[in-house]
Amino acid sequence: MTDTVKLVSLAVAAPEHIIFQKQAVEASARLFADRFEDFRHLARVFDSAGIDKRHAARPLAWFDEPHGWQDRMQAFAEVAGGLFVEAASSALRQAGLEAGDVDCVVTVSSTGFTTPSLDAQLSRRMGFRPDIERVPVFGLGCAAGVSGFAIASRLARNRPGTVVLFVSIELCTLAFRLDELTRPNIIATALFGDGAAACVLRSGEDGLAEVESTGEHLFPDTLDIMGWKIDDGGFGIVLAQSLPPFAEKELGPAVTAILARNGLRVEDIGRFICHPGGMKVLAAMESALSLVPGTLDHERAVLAEYGNMSSPTILFVLERAIRAGLPERSAMIAMGPGFSASCVTLRRIA
């Protein structure tokens with residue numbers, strides 16, 4: 001069938017600056033140990049996070065000084081713009097397309113913003129047509145890699161022949177706070193990195209995989225589990241200790257319900273492709289989905305090499321899963337602020 005939506009191409013990108021975990025813990029100790037008495041206890045998270053290195057929008061020395069909104073958003077516009085062009089151009093090349101072939105671009109980010117949005121600011125540089133449809137989405141957090149992918153796929157499905165470009169960009173490190181002497185801030189410092197990914201989706205015969213179904217679940221009364229608190233200094237991380245046990249208890253039924261709405265069962269999924277929020281979250285997801293511990297190997301490899309980049313991280317995992325060979329059916333799963341879970345199922349193209 002030519003009206004099914006295909007993932008045609010997928011490209012990933014990361015900033016040039018690299019921070020090794022050893023450097024991160026040394027810098028954090030220098031910046032926090034004398035001011036935050038719980039730091040030495042919390043510093044163990046750097047060793048248990050499963051992260052070897054991550055990419056950052058700015059070199060390590062940049063984080064020694066306080067930064068306000070202007071510094072942060074200038075850095076976001078500069079670096080996110082470059083990553084957008086790099087990832088999107090690569091995805092289009094892989095698809096045998098040019099920017100002028102794109103009918104709609106969906107861009108997700110929750111770690112920075114520009115007005116006009118990035119897609120407009122980069123339109124001439126990319127070579128987009130004047131009649132391109134732009135859908136910038138903010139606030140979906142870590143779930144946006146799946147939720148945004150789902151939005152893009154539905155746009156492609158509803159308009160056969162339309163070329164939809166999906167771009168996910170997060171510069172999590174720009175939210176680093178020297179003034180936040182809190183457990184969530186130290187954990188975020190140990191976990192998060194920066195990156196971007198882009199996909200081309202359209203209806204037709206060819207592609208890497210067929211987008212079969214999409215679905216989401218919003219858990220009631222969970223606004224305090226994950227998100228941003230916003231003040232004069234910038235974004236401040238909201239990250240509850242209850243996240244891993246919550247995921248272990250609640251994710252399974254939510255995914256089961258999403259799949260059931262699409263006529264599927266958990267047993268129909270040959271490979272779950274999950275957002276690696278952290279080592280504890282991955283273990284909780286394996287338990288919730290009745291997977292053998294250690295099953296989510298691509299997820300742990302991406303986490304080790306890049307850290308948690310928020311929304312694009314799952315697309316880095318998907319890229320590795322595609323290279324390794326997708327099973328007949330796979331399911332992308334991510335959780336994010338809301339608190340929410342998003343799911344997209346993919347079918348292998350014979």
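Tutor: Phe 339 lies in the loop between β12 (329-336) and β13 (340-348), where helices (H or I, at least four residues) and strands (E, at least two) are DSSP runs numbered from the N terminus. The model is predicted: local features need pLDDT of at least 70, side-chain atom pairs count only at pLDDT 80 or more, and totals for chains, interfaces and linings use all residues. Residues are numbered from 1 along each chain as its sequence is written, and side-chain values use heavy atoms, with hydrogens and water left out.

Student: Which peptide bond there is cis, the one from Gly 338 to Phe 339 or another?
Tutor: The bond from Gly 338 to Phe 339 is cis, with omega near -10 degrees. The bond from Thr 115 to Pro 116 is also cis, with omega near 5 degrees. Pro 116 sits in the loop between β4 (104-109) and α5 (118-121).

Student: What is the phi of Ser 290?
Tutor: Phi of Ser 290 is near 55 degrees, a positive value in a residue other than glycine. Ser 290 belongs to the loop between α10 (279-288) and α11 (297-306).

Student: Changing topic: which domains does the chain have?
Tutor: The assignment gives domain 1 (5-203) and domain 2 (209-348); such bounds come from an automatic or database domain assignment. Their C-alpha centres lie 17 Å apart.

Student: And what does UniProt list for residues 71-203?
Tutor: UniProt lists "domain: Chalcone/stilbene synthase N-terminal" (unreviewed entry) for that span. UniProt positions are given in the numbering used here, feature names are shortened, and annotations may be inferred rather than shown by experiment. The end C-alpha atoms of residues 71-203 lie 41 Å apart, and the span is 42% helix and 23% strand. UniProt also places "domain: Chalcone/stilbene synthase C-terminal" (unreviewed entry) at residues 212-323. For residues 212-323, the end C-alpha atoms are 20 Å apart, with 45% helix and 21% strand.

Student: What area do they bury between them?
Tutor: The two domains bury about 4,100 Å², 64% of it on carbon and sulfur atoms. Buried area is the accessible area (1.4 Å probe) that two parts lose on being put together, summed over both. In domain 1, Trp 69, Cys 142 and Val 146 lose the most area to domain 2, together 17% of what that side buries.

Student: How many salt bridges and polar contacts join domain 1 and domain 2?
Tutor: There are two salt bridges between domain 1 and domain 2, each defined as a side-chain nitrogen of Lys or Arg within 4 Å of a carboxyl oxygen of Asp or Glu. Glu 180 forms a salt bridge with Lys 229, with the closest N and O atoms 2.8 Å apart.

Student: How many salt bridges does the whole structure have?
Tutor: A search of the whole structure finds 19 salt bridges.
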